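Student: Could we go through this fold together, starting with what the terms mean?

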Amino acid sequence: MAVDERTLQHAPEIAAGGADLVAFTCEVVRGADTGKRLEIDAAAPFRSLVGSGPASDLRLADPHVSRRHFSLERDGVALRLRDLSSTNGTRINGVTIVEARLTGGEIVEVGSTAIQVHARSRARSTSRPAPAFGKMLGISPELQPVYALARKLARSDVPILIEGETGTGKEVLAEALHDASARAAKPFIVVDCTTLSPSLIESELFGHEKGAFTGALTARKGVFEEANGGTLFIDEIGDLDLALQAKLLRAIERGEIRRVGSSSWQTVSVRLIVATRRDLDVAIAEGTFRDDLFYRLAVGRIDLPPLRKRTGDVPFLADAFWRELGGHGPIPPELLRRLEGHAWPGNVRELRNWVARALAVGDHVEGPRRSSPPPSPSPTTSGEDFIMQVISQGAPFAVARQRVLEHFERTFIQHVLDVHGGHVGRASAASGIGRRYFQKIRSRSGP
């Protein structure tokens, strides 16, 4: 979609720039790795990992440090540190934490290692921002480093992991990366792990031979074969079964696949881009995602910020969608005013749908509903009633599913604790899950 100069005028303060940015250096000041540094750019579009494993950006030799000990990501002018369910915990200035916001000057302790956090500011560029990368639109300062990294990654052939909430545009970015790559003239194939039953995912990925299973009346290519020479985009990779993760890892490492029901291997040349709404760092700590697969996929890693954190992109995108969908001239100011204060839980997809509805029904369209916390059912609310309550809010599928899952976790944890008199050890054993994971679910499910 073309973006003209008139659309840029909706965010003149962004185009002007000039605000300060903060970059960080994490330096090991005590321990076996004294002197090692991790530089975090002023607008890095990815999270950094600290730990002893090979996927860590700051890799430590300390035997008391977990493979993925904690993560660091940008949070405005600060760094957000999260402990990744490490074995021995993370301390900041002597206090054990689960999550903290760093502004510089802190001492982070893990095992017998101490890391000093340094902050430094620099002036933001005053040049006009890029409005798009391919079909990926946005003029916000938060997207500019994403564009810069995407342009570099498009020129390479490494696997790419795109992380972000539902509706942020992960598939759009993946296609833009393909279109800007040397494989642009070859196929761009998409497969979504959430739309396939577990029994069919292997066949979808690798294909099958005739008679390989009930219903396999003919041989069929999988998406790896269909994408041969081009790009394969696997959406919601975090939902992939562990057994299939091992087979996917082999396909990436050797460039070979084998159809279900076949005894022969085929060589394929595929550029792999994957995406997830899940936090894979947490999934690895919980044992639901393979660390070695993550290491191979995250050679290029991009975090797409949610729309609520993209300064100035709501009016910019609303105007762009208005023009694309047939609106005459710029979007009316009164419609733009209705967008203010909304958190857009469905992100860019939700905004586009709202603009489409505004064009379809005219001036009588209501503004987007103000964001509110997920509904809390009363003690008499049945599970089915709660599900219908969530569905009626009109949230995207993945958001609604997450709310239902959180309700189930809250209800299950409270029930099993009540049964066992509040004893966490007995409750976790009866649940069939580890005590540490039980505590993690309990903490995110509320008191």
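Tutor: A residue is called buried when its relative accessible area is under 20%, exposed when over 50%, and partly exposed in between (1.4 Å probe, protein chains only). Helices (H or I, at least four residues) and strands (E, at least two) are DSSP runs, numbered from the N terminus. This is a predicted model, in which local features need pLDDT of at least 70 and side-chain atom pairs count only at pLDDT 80 or more, while totals for chains, interfaces and linings use all residues. Residues are numbered from 1 along each chain as its sequence is written, and side-chain values use heavy atoms, with hydrogens and water left out.

Student: How many helices and strands does the protein have?

Tutor: There are 16 helices and 20 strands. Of the 447 residues, 47% count as buried.

Student: Why is helix α3 described as largely enclosed?

Tutor: Helix α3 (residues 144-154) has 8 of its 11 residues buried, so it is largely enclosed by the rest of the structure. Among those buried are Tyr147, Leu149 and Leu153.

Student: What covers the buried residues of α3?

Tutor: With contact meaning heavy atoms within 4.5 Å, the cover includes β14 (160-163), α4 (170-179), β19 (271-276) and β20 (300-303). Helix α3 lies across β14, β19 and β20, and runs at about 155 degrees to β20. Axes here are lines fitted to C-alpha atoms, for helices over the stretch in contact, and angles run from 0 to 180 degrees between N-to-C directions.

Student: Which order do the strands of that open sheet follow?

Tutor: The order is β15-β16-β19-β14-β20, an open sheet of 5 strands with parallel pairing. β15 (188-192) and β20 are at the edges with a single partner strand each, so one side of each has no neighbour in the sheet. On average, neighbouring strands of this sheet are turned by 15 degrees against each other, direction ignored. Two strands pair if DSSP finds at least two bridges between them; β14 and β19 are joined by 4. Glu163 has Thr276 of β19 as its bridge partner.

Student: Changing topic: are the faces of strand β3 covered or uncovered?

Tutor: Both faces of β3 (residues 48-51) are covered, with Ser48 and Val50 buried on one side and Leu49 and Gly51 buried on the other. In a regular strand the side chains alternate between the two faces of the sheet.

Student: And which residue stands opposite Leu49?

Tutor: Ser71 in β5 does. Strand β5 (residues 70-75) runs antiparallel to β3, and 3 bridges join them. β3 also pairs with β4 (residues 58-59), in the parallel sense over 2 bridges.
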